[in-house]
Amino acid sequence: MEELRIREIVESILGEDLFLIKILIKGNIGNRKVLVFLDGDDGISIDQCSKVSRKIGAEIEAQDLMHEKYTLEVSSPGLDFPLVLGRQYRKNIGRELKVELLNGEKVEGKLIQANEGKISLNTKEGKKFFLHHEIKQSKVKISFK
C-alpha cells in the first residue's frame, strides 16, 4: 500500500525528462528505508535527485504516509542495475549488453535497436532480436578501455 502511494507521489512530481525505475521499501517498522530509483533520457544529476527527494519527502509528510521513522534515498539505479523499461533500453542504444533469457541462454552484444516490446543486438553470431517478455534480465556491460 505504501509503495503504491509513494509511486503515485513520485510520478506526479516527475517531468517528461525523468522517469521512475523502481521503488523499494526495506527494513523494519521504526527503521524503514525508502529507495527511489530514477533515470532520465539524458541521465540524471545529483542535483535533480536532490530536488525530487525534497519534493517526495515533503509530500510523504503532508500525507502522513509513513507513521514511523524512515530514510528516503533518491538516486539513479547505476550500471549494475538491470534494465527494466523500454525507455532505458532506448537510452542505451550503442552500448554493449549482457542479456539473460528466461530459457537460461546468455547473450552479449551491442544494442542496435529498442522498440516497445523488443530489442535488437549485434552479436558475434549476427543480429538477434528478443522480446521483452523473453528476457530475464539485461545489464549494460561495463568496459574499461
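Which residues have the most contacts inside the largest nonpolar core? I opened the notebook with this, keeping in mind that the model is predicted.

**Entry 1: the largest core.** I find that the largest nonpolar core has 20 residues, and that Ile6, Val10, Val36, Leu38, Ile56, Ile60 and Val74 are those with the most contacts inside it. When I looked up where its members come from, I noted that helix 1 (2–13), strand 1 (18–28), strand 2, helix 2 (46–62) and strand 3 each supply at least two residues. Helix 2 gives the most to this core, namely four residues.

I then took Val36 and listed what it touches, leaving out residues up to four places away in sequence: the list is Val10, Leu20, Lys22, Ile23, Ile56, Leu72, Glu73, Val74 and Ser75. Apart from this core I recorded another one, of 13 residues, which includes Val99, Leu101, Val107 and Val140.

**Entry 2: the chain as a whole.** Stepping back, I counted three helices and eight strands in the chain, and reading along the sequence I wrote down the pattern α-β-β-α-β-α-β-β-β-β-β. The C-alpha trace spans about 55 × 30 × 30 Å along its principal axes. Of the 145 residues of the chain, 37% count as buried, and the accessible surface comes to about 8900 Å², with 48% of it belonging to carbon and sulfur atoms. For the contacts with a separation of 6 or more, I noted that residues 24 or more positions apart account for 50%.

**Entry 3: the aromatic pair.** How are the two rings of the aromatic pair Phe37 and Phe81 arranged? The structure holds one aromatic pair, and I recorded Phe37 and Phe81 as tilted, with 5.1 Å from centre to centre and 35° between the planes. Phe37 lies in strand 2 (residues 31–40), whereas Phe81 sits in the loop between strand 3 (70–75) and helix 3 (86–91), so the pair ties together parts that are 44 residues apart in sequence. I also checked the cover of Phe37, which has 13% relative accessibility and therefore counts as buried, the cut-off being under 20%.

Entry 4: In what order do the five strands of the open sheet follow one another? I read the order as 7-6-5-4-8, with antiparallel pairing. Strand 7 (126–131) and strand 8 (135–140) are the edge strands, each pairing on one side only. Neighbouring strands of this sheet are turned against each other by 40° on average, with direction ignored.

I followed the pairings through strand 5 in more detail. Strand 4 (residues 96–101) and strand 5 (residues 106–115) run antiparallel and are joined by five bridges; in strand 5, Val107 is the bridge partner of Val99. Both Val99 and Val107 are among the residues of the 13-residue core noted above. Strand 4 and strand 5 make a hairpin with four residues between them, and Gly104 in the turn has a positive phi of about 95°.

On to the next pairing: strand 5 and strand 6 (residues 118–123) are antiparallel over five bridges, and I noted Leu121 of strand 6 standing opposite Leu111. The hairpin of strand 5 and strand 6 has two residues between the strands, and there Gly117 takes a positive phi near 95°.

How values were computed
Residues are numbered from 1 along each chain as its sequence is written. This is a predicted model: local features need pLDDT of at least 70, side-chain atom pairs count only at pLDDT 80 or more; totals for chains, interfaces and linings use all residues. Side-chain values use heavy atoms; hydrogens and water are left out. Two strands pair if DSSP finds at least two bridges between them. Axes are lines fitted to C-alpha atoms, for helices over the stretch in contact, and angles run from 0 to 180 degrees between N-to-C directions. Rings of Phe, Tyr and Trp (its six-membered ring) pair if their centres lie within 6.5 Å; planes under 30 degrees apart count as stacked, over 60 as edge-to-face and the rest as tilted. Buried means under 20% relative accessible area, exposed over 50%, partly exposed in between (1.4 Å probe, protein chains only). A nonpolar core is a set of buried Ala, Val, Leu, Ile, Met, Phe, Trp, Tyr and Cys residues joined through side-chain atoms within 4.5 Å. Contact means heavy atoms within 4.5 Å. Accessible areas come from the Shrake-Rupley method with a 1.4 Å probe; for residues, only the protein chains shown count as cover.
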